[in-house]
Amino acid sequence: MGALYVSESKKNAQSEGAVIVFEDEASFRQTPTLHATWARRGSQPQIPTRGERNTQKIFGAVRLDNAKFVYLHQEDYFQWETYYLAFLEQVAVPAFYRRRHRIYLIQDNASYHKKKGNL
C-alpha cells in the first residue's frame, strides 16, 4: 500500500461521507525575558519570576472541509497515553465522528503517535 495523499484522501472522504482531520501539537515556553523597554538611565527593570521554567502544551485538530477546531491543554509530557487516550478518544473523535463514517486523521511522525509494540 502506497502513501495516502491529501488529494486521494479528499476523493475517498467525499465518496464515503468521511471527514479529513489534521492533527498537531505545540509547546509554548513561558520564560520572561527583557527585550526592549523604557527605564531610567543606568537602571535595568526587574521582572519578578518564580525562578522556574513553565511550558504550556496543546494538542489540536482541525477538520478540513469546515475548519472546525478542537484542542486539549496538556499538563503532562506528550506521550502515547495522553495523545491517544486523552486527546483522540475523549476530544477529537467525539467532535468529528459521525455514525458509520470514517475519519481520515493526518498527523506527523512523532514518536508518541505510535504505541510501543505496534510499530
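Mentor: Start at Trp-80: leaving aside its neighbours within four places in sequence, this residue is in contact (heavy atoms within 4.5 Å) with Leu-85, Tyr-112, His-113, Lys-114 and Lys-115. The model is a predicted one, in which local features need pLDDT of at least 70 and side-chain atom pairs count only at pLDDT 80 or more, while totals for chains, interfaces and linings use all residues. Residues are numbered from 1 along each chain as its sequence is written, and side-chain values use heavy atoms, with hydrogens and water left out.

Trp-80 lies in helix 2; helices (H or I, at least four residues) and strands (E, at least two) are DSSP runs, numbered from the N terminus. Is Trp-80 buried or exposed? It counts as buried because its relative accessible area is 18%, where buried means under 20%, exposed over 50%, and partly exposed in between (1.4 Å probe, protein chains only). Ser-111 is 31 residues away from Trp-80 along the chain, yet the two C-alpha atoms are separated by 8.1 Å.

Now place the helix against the sheet. The sheet is open, with four strands in the order 3-2-1-4 and mixed pairing; two strands pair if DSSP finds at least two bridges between them. Strand 3 (69–74) and strand 4 (103–106) are the edges, each pairing on one side only. From one strand to the next, the twist averages 25°. Helix 2 (residues 80–96) packs on this sheet and touches strand 1, strand 2 (55–63), strand 3 and strand 4. The direction of helix 2 makes about 155° with that of strand 3; axes here are lines fitted to C-alpha atoms, for helices over the stretch in contact, and angles run from 0 to 180 degrees between N-to-C directions.

Go through the pairings in turn. Strand 2 and strand 3 run antiparallel and are joined by six bridges, with Phe-59 opposite Leu-72 in strand 3. These two strands form a hairpin with five residues between them, and Ala-67 in the turn has a positive phi of about 65°. Strand 1 and strand 2 are also antiparallel, joined by nine bridges, and Val-21 stands opposite Arg-63 in strand 2. Strand 1 (residues 19–29) and strand 4 run parallel, with four bridges between them; here Ile-20 faces Tyr-104 in strand 4.

Phe-96, apart from neighbours within four places in sequence, is in contact with Val-19, Val-21, Ala-61, Val-62, Arg-63, Lys-68, Val-70 and Ile-103.

Gln-74 is found in strand 3 and is buried, with a relative accessible area of 7%. Beyond four places in sequence, Gln-74 is in contact with Lys-57, Phe-59 and Thr-82.

How many salt bridges does the structure hold? There are two, a salt bridge being a side-chain nitrogen of Lys or Arg within 4 Å of a carboxyl oxygen of Asp or Glu. Arg-63 forms one with Asp-65, the closest N and O atoms being 2.5 Å apart. Arg-63 is buried at 13% relative accessible area, whereas Asp-65 is exposed at 56%. Arg-102 and Glu-16 form another, at 3.9 Å from N to O. Arg-102 lies in the loop between helix 2 and strand 4 and Glu-16 in helix 1, so this pair ties together parts 86 residues apart in sequence. Arg-102 is exposed, with a relative accessible area of 53%, and Glu-16 is partly exposed, with 32%.

Last, confidence. The protein averages a pLDDT (the predictor's confidence in each residue, from 0 to 100) of 83, and 87% of the residues score at least 70. Confidence is highest in strand 3, at a mean of 94, and lowest in helix 1 (residues 6–16), at 76. Where pLDDT is low, the predicted coordinates should not be read in detail.
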